[in-house]
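Me: I'd like to learn how to read a model like this one, feature by feature. Can you walk me through it?

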Amino acid sequence: MHPFRRLLQALAAVRSRFLIGGLILALTSSIATAEVKPQPRPTPPATAATVINPVAPQTGPVTNLPLPRFVSMKAETGNVRRGPSLTHRIDWVFQHQNMPLMIVGEYGHWRRVVDREGAGGWMHYALLSGVRTVIVKHDLTPIHAKPTSTSQIRARAEAGAIVNLDGCRAGWCRVKQGRTRGWVEAGTLWGLDTDLGVQTRRADLR
């Protein structure tokens, strides 16, 4: 056989071995890849920071008083800011002295408050008072002499009127408006705590 032909046959044999080896390597790699399955990521255990107890009572981190709670506005006007500092912009200006406000947050000397309409923000506690007031929700609400619907009607309050709160019992609240004192049904007032038995005339609730 001619030497050149032998050289061509030898090169062909080497090429064939490389092709077969490459095919075997590719098949082996495919099988290995098919056998490797991704492992599921373990679920992190619950911690004290992520567990929330919805029935736990809430207290303010500054005053240790209940949240939410009601106070009234001491000043004739009060700036309501977006955050608890003088550098935050003013979003609202409350202009009703003695109006009841609900405190829902605390930070230093600042209290986060909301009014009856749900508007609010951060106010300095010096603008607030512990004197309890409420807003009459319905027009011509009767003010009774006694905590019963059959007792004498001493006066009638307009919707939106702000009256001083003097305590509650059995679904009725004793209020004062000018020289008039009497009893009003609790359901006709805004600014009451959920537990009517804890209503106080005045307390340092700021």
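This is a predicted model: local features need pLDDT of at least 70, side-chain atom pairs count only at pLDDT 80 or more; totals for chains, interfaces and linings use all residues.

Me: How many salt bridges does the structure hold?

Reply: Five. One of them joins the side chains of Arg69 and Glu106, at 2.8 Å from N to O. Arg69 sits in strand β1 (residues 69–73) and Glu106 in strand β4 (residues 100–107), so this pair ties together parts that are 37 residues apart in sequence.

Me: Is Arg69 buried or exposed? And what about Glu106?

Reply: The cut-off for buried is under 20% relative accessible area. Arg69 has 3%, so it is buried. Glu106 has 8%, so it counts as buried too. Now take the bridge between Asp166 and Arg174, where the closest N and O atoms are 2.6 Å apart. Here Asp166 is partly exposed at 23%, and Arg174 is partly exposed at 27%.

Me: Let's turn to the nonpolar parts. Which residues have the most contacts inside the largest nonpolar core?

Reply: A core of this kind is a set of buried nonpolar residues joined through side-chain atoms. The largest one here has 14 residues, and those with the most contacts inside it are Val134, Val136, Leu165, Cys173, Val175, Leu189 and Leu192. The elements that give two or more residues to this core are β8 (133–136), β11 (162–169) and β12 (172–177). β11 gives the most, with three residues.

Me: What does Leu189 touch?

Reply: Leaving out residues up to four places away in sequence, Leu189 touches Val134, Ile135, Val136, Lys137, Cys173, Val175 and Val184. Apart from that core lies another, of 11 residues, including Met99, Leu101, Val113 and Met123.

Me: Where does Phe94 lie, by the way?

Reply: Phe94 is in strand β3 (residues 90–94). With a relative accessibility of 6%, Phe94 counts as buried. Again setting aside residues up to four places away in sequence, its contacts include Met99, Leu101, Val113 and Met123, as well as Met73, Val80 and Ala119. Phe94 and Ala119 are 25 residues apart along the chain, and their C-alpha atoms are separated by 9.8 Å.

Me: Now for strand pairing. In what sense do β12 and β13 pair?

Reply: To read a pairing, look at its direction, its bridges and the turn. β12 and strand β13 (residues 180–185) pair in the antiparallel sense, over six bridges. Gln177 stands opposite Thr180 in β13. The two strands form a hairpin with two residues between them, and Gly178 in the turn has a positive phi of about 65°.

Me: Last one, the whole chain. How many helices and strands does it have?

Reply: One helix and 14 strands. Of the 206 residues, 30% are buried. Residues 24 or more positions apart account for 55% of the contacts with a separation of 6 or more. The accessible surface of the chain comes to about 14000 Å², and 57% of that belongs to carbon and sulfur atoms.

Technical notes. Residues are numbered from 1 along each chain as its sequence is written. Side-chain values use heavy atoms; hydrogens and water are left out. A nonpolar core is a set of buried Ala, Val, Leu, Ile, Met, Phe, Trp, Tyr and Cys residues joined through side-chain atoms within 4.5 Å. Buried means under 20% relative accessible area, exposed over 50%, partly exposed in between (1.4 Å probe, protein chains only). Helices (H or I, at least four residues) and strands (E, at least two) are DSSP runs, numbered from the N terminus. Contact means heavy atoms within 4.5 Å. Two strands pair if DSSP finds at least two bridges between them. Accessible areas come from the Shrake-Rupley method with a 1.4 Å probe; for residues, only the protein chains shown count as cover. A salt bridge is a side-chain nitrogen of Lys or Arg within 4 Å of a carboxyl oxygen of Asp or Glu.
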